[in-house]
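Please keep the sequence and the model at hand while reading.

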Amino acid sequence: MQVTVAEKHVPGVPRRLPRVRSGYRVDVEISGTEFGFTITVDDHGRLGAVDIDHSKHGTFAHGLTTALAELVSTALAHGMTVDEFVHRFLHTRFEPLGITTGDPDIDWASSPMDYLARRLALDFLPQWRQVELGLTHPDTAAPTW
């Protein structure tokens, strides 16, 4: 794969997202707690930023998830890859954890960050990498959970 000038990351210089950008939102419940994940992509279809809405405004958990989303977005702007994010946050375990509803691709998560890692892996990583991570079945590309 040939890297174009637009795809190169200059260390120390954050990648700027365009003022108007595309993205999507996924609303899910993890063990009864509502979350909204807004995924923003740049003009090349690469992951650009993440925002997490937590249903319990004003709580420690809401503040922490907001801070984590900002941290992830900043790391992405400074060159962190989706693969690195998924590797670091897949299988993280903290409350809420358990059955998820609202996303037919993911029916269980061990934390909100685990859910986000799974969602981003399914949306941005190639199938062979999803299989390596144990997220999809090698023959059907169906989720393994």
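Asp123 is partly exposed, at a relative accessible area of 33%, where partly exposed lies between buried (under 20% relative accessible area) and exposed (over 50%), with a 1.4 Å probe and protein chains only. The model is a predicted one, in which local features need pLDDT of at least 70 and side-chain atom pairs count only at pLDDT 80 or more, while totals for chains, interfaces and linings use all residues. Residues are numbered from 1 along each chain as its sequence is written, and side-chain values use heavy atoms, leaving out hydrogens and water.

**Asp123 and its partners**
- Arg119 and Asp123 form a salt bridge at 2.8 Å, N to O, the term meaning a side-chain nitrogen of Lys or Arg within 4 Å of a carboxyl oxygen of Asp or Glu.
- The two residues are 4 apart in helix H3, about one helical turn, helices being DSSP runs (H or I, at least four residues) numbered from the N terminus.
- Arg119 is buried, with a relative accessible area of 7%.
- Through salt bridges with shared partners, Asp103, Asp105, Arg119 and Asp123 belong to one network.

**Another pair in helix H3**
- Arg118 and Asp114 are joined by a salt bridge of 2.8 Å, N to O, and both residues are buried.
- They lie 4 residues apart in helix H3, which covers residues 112-124.

**A pair in helix H2**
- Glu84 and Arg88 meet in a salt bridge at 3.2 Å, N to O, and are 4 residues apart in helix H2 (residues 82-89).
- Glu84 is partly exposed at 32% relative accessibility, whereas Arg88 is exposed at 54%.

**Overall count**
- The model has 10 salt bridges by this rule.
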